[in-house]
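Here's a quick briefing to read alongside the structure. Have the viewer open and follow along topic by topic.

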Amino acid sequence: MTDTSMSGTGVASASPGMPDRHFKRRSKRLRVMFPYLLVTPAVAFLLMITLYPGAYAIIQSLFYVKFANWQFVGTENYRDLFGDREFWTALWNTFVIGGVALTLECVLALLISFYAYRDPWIKGWRIIFLVPMLFMPSAVAFIWKLAFMDGRVISDLLIRLGFIDNNIGWTSSIWLSRLTLIVADVWQWTPFLFIIFVAALQGQDEEVEEAARLDGAGWAQIFWNISLPMMRPVIAVAVVLRGIDIMTMFTNVYIMTQGTPGGTTETISYFIYRIGFKSFNFGYASAASVVMLIMTLIIAQLIVKRAFKSGKE
Amino acid sequence: MAQIELVGIQKKWGAVWGVRDVNIDISDEEFIVFLGPSGCGKTTTMRMIAGLEDPSEGEIRVGGERMNDIDARDRDAAMVFQGYALYPNMSIYENIRFPLRMRKVPKAEHDTLVRRAADLVEMGIISIVNPQLCPAVSDKELPWHGRSCAARKCF
Amino acid sequence: MASQRRKKNESHLFRYIILGAWALFCLVPVLWFLSIGLRPRTEIITQQPIYWPHFSLDAWHMVWTDWPMGYYLRNSVVSIIGSVVIDLVLAIPAAYSLARYTYRGREDIGFYILSTRMMAPAIVAIPIFFLFKNMDLLDTVWALMIIYAAINLSLITWIIRSYMLDIPKELEDAARTDGASDLRILWEIIIPVILPGIITAGVIGAIFAINEFLFTLLIASTKSAYTMSVALANFTGGSDGVIYNAIALVAFIAFVPVFLVVVAIQKHLSRGLTMGAVKG
């Protein structure tokens with residue numbers, strides 16, 4: 001208030017009622033509740049869209065559902081599910097296809113970002129490498145479906161290059177069929193990891209690099225011994241995010257292979273979709289959903305939480 | 001009126017002492033300087049007076065009234081921050097005007113008050129004319145930033 | 001000295017071979033797909049693939065006359081913009097709460113929000129289908145709006161939270177001593193300062209919404225809710241087989257605006273894609 005007397009009378013209005021002023025007292029409870037109030041709408045919305053379906057799926061999984069007719073069957077759906085070879089195949093496919101694709105994407109993205117991040121035209125490279133990621137996944141699935149299967153372009157190119165003699169039936173063999181899914185995923189999503197890795201490499205302290213160079217380290221050594229360890233939390237977060245999407249792969253399977261040949265490219269997402277919306281066996285599909293939900297929760301607790309904690313630091 | 005009393009003020013974060021048993025009596029229009037090595041609690045004490053930090057124990061009184069439960073925004077205290085804390089999305093003029101808007105001073109008086117505050121810290125016309133935004137803390141610092149920050153507190 | 005330099009040039013050459021090869025791998029399928037969109041239908045599925053087709057706007061006319069393309073476009077735009085608006089309204093206060101206050105359960109709430117991103121669409125697909133069926137929302141843009149908002153809320157909240165954490169605490173303290181309330185600080189200072197972050201979050205959310213497939217497939221069944229991404233998968237009209245040139249063209253119509261927007265926010269992209277965990 002000393003300022004007031006210095007700056008003259010005109011300012012008095014800034015502090016109204018000077019002689020017997022009263023400071024406003026506000027509800028302490030409101031102050032404590034305020035952060036909860038801010039976060040409540042978002043949490044309520046998410047609960048509606050996750051908790052309700054979760055509970056619904058658990059209940060429905062205990063019934064045999066035929067249209068509007070629900071018949072209680074206890075744990076029968078689960079017993080059937082665990083004895084169902086198609087279910088285990090789908091689970092196995094998801095891990096195989098996802099694992100191979102994720103490994104490839106990670107290695108390629110690291111390799112390319114290693115060569116790109118010091119390049120003077122990095123901005124241009126980034127834009128070019130981004131392109132595949134920005135196509136709708138459903139469109140990308142069609143690009144590759146046409147290239148591999150319907151248009152036979154890839155077979156034709158391989159014949160011209162002399163690698164093979166005849167057209168390849170991509171959907172006739174288990175691994176070739178899986179390969180088409182892997183190629184489509186690698187093509188579209190390696191950029192995702194690349195963008196993140198390049199940003200991490202560009203963001204690292206240049207002085208550390210320079211010091212290492214003075215110590216006689218080459219670029220490859222710097223990358224291996226300094227950049228890579230520093231990037232570990234970033235890689236963890238990026239791989240976790242990509243891993244989640246890959247393990248729930250649906251669009252490409254739906255459009256490209258529909259699970260052929262013989263269910264060997266069917267992922268767990270497609271399995272649930274097929275049981276639920278093609279065979280209309282909702283109770284059974286819900287049982288599979290619940291199993292997948294439990295796996296998700298375990299993975300989220302064990303891996304995701306840790307990855308994001310380390311990513312923050 | 002603006003007589004400030006700190007009675008047995010303490011601040012503790014867990015087992016760490018921030019401020020330990022401070023008793024000061026500052027009378028109206030008195031000019032007080034806190035001196036001390038870093039980490040001795042100067043800033044924390046000031047933040048407690050301004051209401052940005054709740055004391056763990058003790059009482060803060062202004063003009064005889066207990067201030068502990070009063071929000072910082074209602075205390076009508078002025079504080080110049082170490083990093084200036086200019087709002088980077090506003091021009092210097094808007095920065096100085098901000099407290100007037102928050103305290104619902106009639107709009108008609110704003111211009112006069114802002115100009116007077118600017119004069120008071122001797123940055124005169126520059127703040128009024130210069131429409132440029134205040135850069136964020138990490139950006140380049142301009143000579144008049146400290147002063148604009150002080151001007152904001154001159155009401 | 002000379003050998004040193006030669007070695008350096010060689011390594012440059014090797015670098016450009018790698019980068020060039022990857023660039024070709026990225027772009028050649030795209031260009032070839034574009035050529036599919038601009039050729040007549042008779043030249044798509046042939047005995048021998050045709051690499052230099054005749055130019056034709058068949059697909060363009062087909063898309064706009066045979067299909068209610070305008071509806072698909074409108075559905076996409078309305079549902080996506082709506083979902084982003086819902087998300088921002090919910091996410092900004094939530095992010096502010098997570099970034100700026102300390103209270104019991106904050107970490108758990110934050111992780112709960114994050115974990116909804118892990119939820120596979122297939123897990124909740126069936127219950128959500130029945131939920132919308134009971135609410136009579138099947139085949140409407142409203143259902144799409146809600147579901148896209150749900151998918152992206154965690155992402156958008158975490159991105160915005162990360163930007164808020166960057167604002168010096170002093171700024172808020174200053175505003176508080178200036179007499180501003182918490183909501184005012186949020187509205188007049190925090191939001192304008194992190195506007196680039198909010199835009200990034202919105203754009204990335206919108207892209208994920210454009211890409212969404214499974215839910216849209218279940219919810220939409222006619223032109224009143226078909227979006228680009230699902231409509232495209234339905235250009236497989238019975239005896240005609242897959243109508244690839246129309247698909248390619250629609251894919252490019254959707255690609256161009258996305259590409260332009262992403263180039264504009266390039267600087268923030270890596271941060272957005274990692275939900276704020278990586279500061280690019």
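Which residues of H2(B) are buried? They are B:Ile92, B:Tyr93, B:Asn95, B:Ile96, B:Arg97, B:Phe98, B:Pro99 and B:Leu100. Keep in mind that this is a predicted model. The rest of the tour covers chain B, then chains A and C.

**Helix H2 of chain B**
- This helix spans residues 92-102, and eight of its eleven residues are buried, so the rest of the structure largely encloses it.

- Chain B has an open sheet of four strands, running S2-S1-S3-S4, with antiparallel pairing.
- At the edges sit strand S2 (16-26) and strand S4 (65-66) of chain B; each has a single partner strand, so one side of each has no neighbour in the sheet.
- Seven bridges link strand S1 (residues 4-13) of chain B to S2(B) in the antiparallel sense.
- For one of the pairings, look at B:Glu5, whose bridge partner in S2(B) is B:Asp25.
- Packed on the sheet is helix H1 (residues 42-50) of chain B, which touches S1, S2 and strand S3 (57-62) of chain B.
- The direction of H1 in chain B makes about 115 degrees with that of S1(B).

**Where chain A meets chain C**
- Chain C puts 75 residues into this contact, and chain A puts in 77 residues.
- On the chain C side, the largest share comes from helix H1 (residues 2-37) of chain C, with eleven residues.

- Helix H2 (residues 28-60) of chain A and helix H5 (residues 121-134) of chain C have axes that come within 8 Å and cross at roughly 105 degrees.
- That angle makes H2(A) roughly perpendicular to H5(C).
- From H2(A), the residues involved are A:Thr50, A:Tyr52, A:Pro53, A:Tyr56 and A:Ala57; they meet C:Val124, C:Ile126, C:Pro127, C:Ile128 and C:Leu131 of H5(C).
- By class, this helix contact has nine nonpolar residues, one polar and no charged ones.

**Domains of chain C**
- Chain C splits into domain 1 (2-58) and domain 2 (67-273).
- Their C-alpha centres lie 33 Å apart.
- Eight residues from domain 1 of chain C and six residues from domain 2 of chain C make up the contact.
- On the domain 1 side, H1(C) gives the most, with four residues.
- Sorted by class, that domain 1 side has four nonpolar, one polar and three charged residues.

How values were computed
Residues are numbered from 1 along each chain as its sequence is written. Chains are lettered from A and ligands numbered from 1 in the order in which they are written. This is a predicted model: local features need pLDDT of at least 70, side-chain atom pairs count only at pLDDT 80 or more; totals for chains, interfaces and linings use all residues. Axes are lines fitted to C-alpha atoms, for helices over the stretch in contact, and angles run from 0 to 180 degrees between N-to-C directions. Helices (H or I, at least four residues) and strands (E, at least two) are DSSP runs, numbered from the N terminus. Angles under 35 degrees count as roughly parallel, over 145 as roughly antiparallel, 65 to 115 as roughly perpendicular and the rest as oblique. Two residues are in contact if their C-beta atoms, placed from the backbone, lie within 7 Å. Ala, Val, Leu, Ile, Met, Phe, Trp, Tyr, Cys and Pro count as nonpolar, Asp, Glu, Lys and Arg as charged, and the others, Gly among them, as polar. Two strands pair if DSSP finds at least two bridges between them. A residue is buried if 20 or more other C-beta atoms lie within 10 Å of its own, exposed if 12 or fewer, and partly exposed in between; C-beta atoms are placed from the backbone. Domain bounds come from an automatic or database domain assignment.
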